[in-house]
Structure formats: structure tokens, C-alpha cells
Amino acid sequence: MPQKITKSAKELVNAAVSAVPAISVEDAMVLVGSPDHVFVDLRDGTEQAKTGTIEGAIASSRGTMEFHIDPESPVHKPEFNQDKTYVFYCASGGRSAMAALVAMDMGLSPVVNLAGGVSAWKKAGGVLS
């Protein structure tokens, strides 16, 4: 019997985008290097290697982010245990919105989603290293 999918990927992304505060590329650009903000790249390693990352961003792919956030996980990243604002991003903003929603559910706060992701970042003249 075929599966009956009751919620589309688009619906999940739209719900996450609605629930997670967003930050514009222009507002985010001035935060690069800020001691109060951590940029989190949710793309996979292949994507990061191909296009580069925002300077200073920590890599935490969408598939491992929960384990990087959890302080009891053997692969916990201490960068997630700081009193800072976390700026999540991906290629276009969908995966990072869903990841940000999960991170918020886990208790990480404050978290914002970079509207438009790397695509918007590059279009606005943002640098990737």
C-alpha cells in the first residue's frame, strides 16, 4: 500500500519560516565577526566546500545539528553553549528555518533564520570564504 503523505515539505518549511524570527541579509552582514552572534551553516559539507561559508561560521549540517547542540552528545560542539544569538543559514532559507525551529524546541535561544540563505547573501554582495 502506498504511503499517504499528509504534510508536504513546502508546508513544513512554510510553518518553520512563520515560527522562526528572520534576519535580512543586510542586517546580518554587519554582524559578521560580532562577539554576540554565531553564524551556523546548516548545509552539507559538499555544499560548504563548493561555495564557501560566511566568515567565522560553524558547520553543523542539518543531519547532525541536534547532536552538536546537545551537551550530553559525544559530538557536542561547545560553540552551541554560549550566551549569543545564533544565525542559522542554508542555501535558500528552508532547511535552516526547519533546523532553527528544532533548535528552539531543544532550548537554544535566541535563534534567527537568515532570510534567503547563501543565495541572498551572494546576491547582496556578501563574501564567502
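These legends describe close-up views of one predicted model. Local features need pLDDT of at least 70, side-chain atom pairs count only at pLDDT 80 or more, and totals for chains, interfaces and linings use all residues. Residues are numbered from 1 along each chain as its sequence is written, and side-chain values use heavy atoms, with hydrogens and water left out.

**View 1. Five strands form an open sheet with parallel pairing.**
The strand order is E1-E5-E4-E2-E3. Strand E1 (22-23) and E3 lie at the edges, and each pairs on one side only. Helix H5 (residues 94-106) packs on the sheet and touches E4 and strand E5 (111-114). The direction of H5 makes about 145 degrees with that of E4. Helices (H or I, at least four residues) and strands (E, at least two) are DSSP runs, numbered from the N terminus. Two strands pair if DSSP finds at least two bridges between them. Contact means heavy atoms within 4.5 Å. Axes are lines fitted to C-alpha atoms, for helices over the stretch in contact, and angles run from 0 to 180 degrees between N-to-C directions.

**View 2. Strand E2 (residues 37-41) pairs with E4 and with E3.**
Five bridges join E2 to strand E4 (residues 85-89), and the two run parallel. Here His 37 stands opposite Thr 85. Two bridges join E2 to strand E3 (residues 58-59), again in parallel. Asp 41 stands opposite Ala 59 on that side. Strands of a sheet pair through backbone hydrogen bonds, either parallel or antiparallel. E2 is mostly covered: four of its five residues are buried. Buried means under 20% relative accessible area, exposed over 50%, and partly exposed in between (1.4 Å probe, protein chains only).

**View 3. Two aromatic pairs turn up in a search of the whole structure.**
Phe 39 and Trp 121 form an edge-to-face pair, 6.2 Å centre to centre with 70 degrees between the planes. This pair links distant parts of the chain: Phe 39 sits in strand E2 and Trp 121 in helix H6, 82 residues apart. Phe 39 counts as buried because its relative accessibility is 3%. Trp 121 is buried too, with a relative accessible area of 3%. Phe 80 and Tyr 86 form a stacked pair, 5.7 Å centre to centre with 20 degrees between the planes. Phe 80 is buried at 4%, and Tyr 86 is buried at 0%. Rings of Phe, Tyr and Trp (its six-membered ring) pair if their centres lie within 6.5 Å; planes under 30 degrees apart count as stacked, over 60 as edge-to-face and the rest as tilted.

The 13 residues of H5 should span 18 Å at 1.5 Å a residue. The end C-alpha atoms are 19 Å apart, which agrees. The expected span is 1.5 Å times one less than the number of residues. Just after H5, Gly 107 takes a positive phi of about 110 degrees.

**View 4. Ala 124 lies in the segment after helix H6 (117-123).**
Ala 124 counts as partly exposed because its relative accessibility is 36%. Not counting residues up to four places away in sequence, Ala 124 touches Val 25, Glu 26 and Met 29. Ala 91 is 33 residues from Ala 124 in sequence and 14 Å away in space, C-alpha to C-alpha.
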